[in-house]
There are 2 protein chains.
Amino acid sequence: MPKILITNDDGIRSRGIKAAVEALQGLGELYVVAPMLQRSASGRAMTLHRPLRAVRVKMAGVEAAYALDGMPVDCIIFAMARFGDFDLAVSGINLGENMSTEITISGTASAAIEAATHDIPSIAVSLEVNREKHKFGVGEGMDFSTAEYFLRKVARAMLGKKLPRDVQMLNVNVPYGATKDTPIAFTRLAKRMYQPSIEERVDPKGHPYYWIVGTQCPTETLEPGTDMYAVKVERKVSITPINIDMTAGVDLDTIRNLLSL
Amino acid sequence: MPKILITNDDGIRSRGIKAAVEALQGLGELYVVAPMLQRSASGRAMTLHRPLRAVRVKMAGVEAAYALDGMPVDCIIFAMARFGDFDLAVSGINLGENMSTEITISGTASAAIEAATHDIPSIAVSLEVNREKHKFGVGEGMDFSTAEYFLRKVARAMLGKKLPRDVQMLNVNVPYGATKDTPIAFTRLAKRMYQPSIEERVDPKGHPYYWIVGTQCPTETLEPGTDMYAVKVERKVSITPINIDMTAGVDLDTIRNLLSL
C-alpha cells in the first residue's frame, strides 16, 4: 500500500485538506501534517529560529494527522521524521489558484517542492476561487468535487508511473465552474500572475504605512500555452510539470565567455 | 548612470550590506531597501496579511536607504514602487553560503528571484562562514574583501552585457579563505545542501517540542560540477546561472501520454 502525505498552506482546518483526504481514499495510507494557521504566501520559509509544537488531531479516513505551528515546508520535514518515507506528497487542495513563476511564493507549491527535493514525487493542487462569490476563510460553501476528481486522477497516474528524471512535481490548477468533462491542458508556467504595487496609507497618528496590493495580470496579456492562459482564458484544468532544479539550461562556457569571467 | 538596488535577508544592520555598498561604488546609483530584522530562511514569503512600515536610514555611499519591517521580497516590491525600475538588483552579501536547489529557502536568493520576475537582472551573493571562527550575528569580524572583489567583477560584467533569455539571475558563492586569485567555477545547483531532521525535546512542563536541525550533506557525497562541490571541495568561487521558470524541459505530449491524462 503506497504511503501518501497530505499537507497545505491554508491550515489544518481548511476545507481543502478534507477534500484532499476524500479524493485520495483507497489510493494509499494517508498521513496529514498541516500548519495550525493560515500560511498563504509563506514561500519555502522554514522555521529554524524557534522550536515547533505539534498537536495530534482526529481526522476521518487517515492513519494519523498532526497540526504543526510552523510553515508548510516544516510539515514535510516533520512528517518524514515521524512517519518515514512517502511514495507521494500532495499539497492542497488550495483555496485559490497558484500559477506562473510566482509558485515559489506559494506555501502550497513550496511544500511540494520541498517533498520533491527528498525524492518524494509531489502534486501541488489548487482550486481557483470565484472571489465575487467566496471570501477566503476556510473554504465554506466552495464546491471541491471537480478538484477532487482531478486530484484523484492525477495522483493515481503518478503512483502508477515513474516520471522522467527532470519532472519531480506536477502543479495542478482547477478553474472554478469546471466539471469532470473539462479538458486538461499540459502547460508551462506564465511569467507572473500578479502585478504587485504599494498602497500608502496614513495611520491615526499621522505616520505612513504600506499595503502590498497584487493586481491580477489582465487576460489579454496572457500567452497561449501557459498555465494562466489555460485556466483564465480557456477555463481548462492546467497541469505543469515542474523541475525543481533552476540551473539555467545554457552552456556554462558560453556564459563564462559572454561575461568574460 | 545605471540604477542598482541592494537588499539582503540578514537585515539592514548586517555588515554584508555595507560590503555590497562598498563593492558597487561607482558602478551606478545605489539604493538600499532591506528588512529591519534578520529574515534568513524566509524563502519567497510576502507580507500580504498586514501592512508594512518603512524607515528611512542614513547610509554612506547610497542615494537612499530604507529599512522595511517585512521580508526580502517585500523590499524588492517597495523599492520598485518608491524608486521605479532598476538596471540590476544585488541581494547580499549574505552571511553564509546559499547553494543547491535549496536556494528557494534562502531569503537572499528569493529576493533576487523576485527582482528577476520584474525583468531586473539580479545577483544573489553569499559568503561562506567559517562556523568555527564566527557566530552568525551581523558579521562582525568577518572579512568581506574577497567577496566584495568578486561581487564588483560580476556586477560590472552583468551591467555591460545582455544575458541570454534563459538566464535572469546569477547565484554567486564565495568560500571563506578565498583570495582575488581564487578561480571561478560556473556550476549547476546541487540537489541539497542540508539534510534536515527533527530533534525532540521536552519542555519544563513535560510537553514535547521540536527543533529542525540541518546537517550539511557530507563532502564525499557531492557531485563534481555542482555549486556545493566547487565551494566545499575545490574551494572555488561558484557562479550558477539561474532560470526562474521551473517548467520542466520535457515534451508536454510525452508527459501527457505517460500519465494517460
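Predicted model: local features only at pLDDT ≥ 70, side-chain atom pairs only at ≥ 80, totals over all residues.
Visitor: What makes A:Arg53 and B:Asp203 a salt bridge?

Guide: The closest N and O atoms of A:Arg53 and B:Asp203 are 2.8 Å apart. The rule asks for a side-chain nitrogen of Lys or Arg within 4 Å of a carboxyl oxygen of Asp or Glu, so the pair qualifies. Across the interface of chain A and chain B the rule finds eight salt bridges, and a search over all chains finds 26.

Visitor: Why is the pair A:Arg82 and B:Glu200 said to join two chains?

Guide: A:Arg82 belongs to helix H2 of chain A and B:Glu200 to strand E9 (residues 194-202) of chain B, so the pair joins two chains. Their closest N and O atoms are 3.5 Å apart, and the limit is 4 Å, so the term salt bridge applies.

Visitor: Are A:Arg82 and B:Glu200 buried, exposed or partly exposed?

Guide: Buried requires under 20% relative accessible area and exposed over 50%, so values in between are called partly exposed. A:Arg82, at 33% relative accessibility, is therefore partly exposed. B:Glu200 has a relative accessible area of 48% and is therefore also partly exposed.

Visitor: How do you know that B:Glu102 and B:Arg192 link distant parts of the chain?

Guide: Their side chains meet in a salt bridge (3.0 Å, N to O). B:Glu102 lies in the loop between strand E5 (88-95) and helix H3 (107-117) of chain B, and B:Arg192 in the loop between strand E8 (184-186) and E9 of chain B, 90 residues apart. B:Glu102 and B:Arg192 are both buried.

Visitor: Why is helix H2 of chain B described as largely enclosed by the rest of the structure?

Guide: Nine of the twelve residues of H2(B) are buried, and the description therefore holds. Among them are B:Pro72, B:Ile76 and B:Phe83.

Visitor: How do you know that the span of helix H2 of chain B agrees with its number of residues?

Guide: At 1.5 Å a residue, the twelve residues (72-83) should span 16 Å, and the end C-alpha atoms are 16 Å apart, so the two values agree. Just after H2(B), B:Gly84 takes a positive phi of about 80 degrees.

Visitor: What is the extent of the interface of chain A and chain B?

Guide: In this interface, 75 residues of chain A are in contact with 76 residues of chain B. The two chains bury about 6900 Å² between them, 68% of it on carbon and sulfur atoms.

Definitions and conventions. Residues numbered from 1 in each chain as written. Chains lettered and ligands numbered in written order. Heavy atoms only, no water. Contact = heavy atoms within 4.5 Å. Buried area = accessible area lost by both parts, 1.4 Å probe. Helix = DSSP H or I, 4+ residues; strand = E, 2+ residues; numbered from the N terminus. Expected span 1.5 Å × (residues − 1). Buried < 20%, exposed > 50% of the residue type's maximum accessible area, 1.4 Å probe, protein only.
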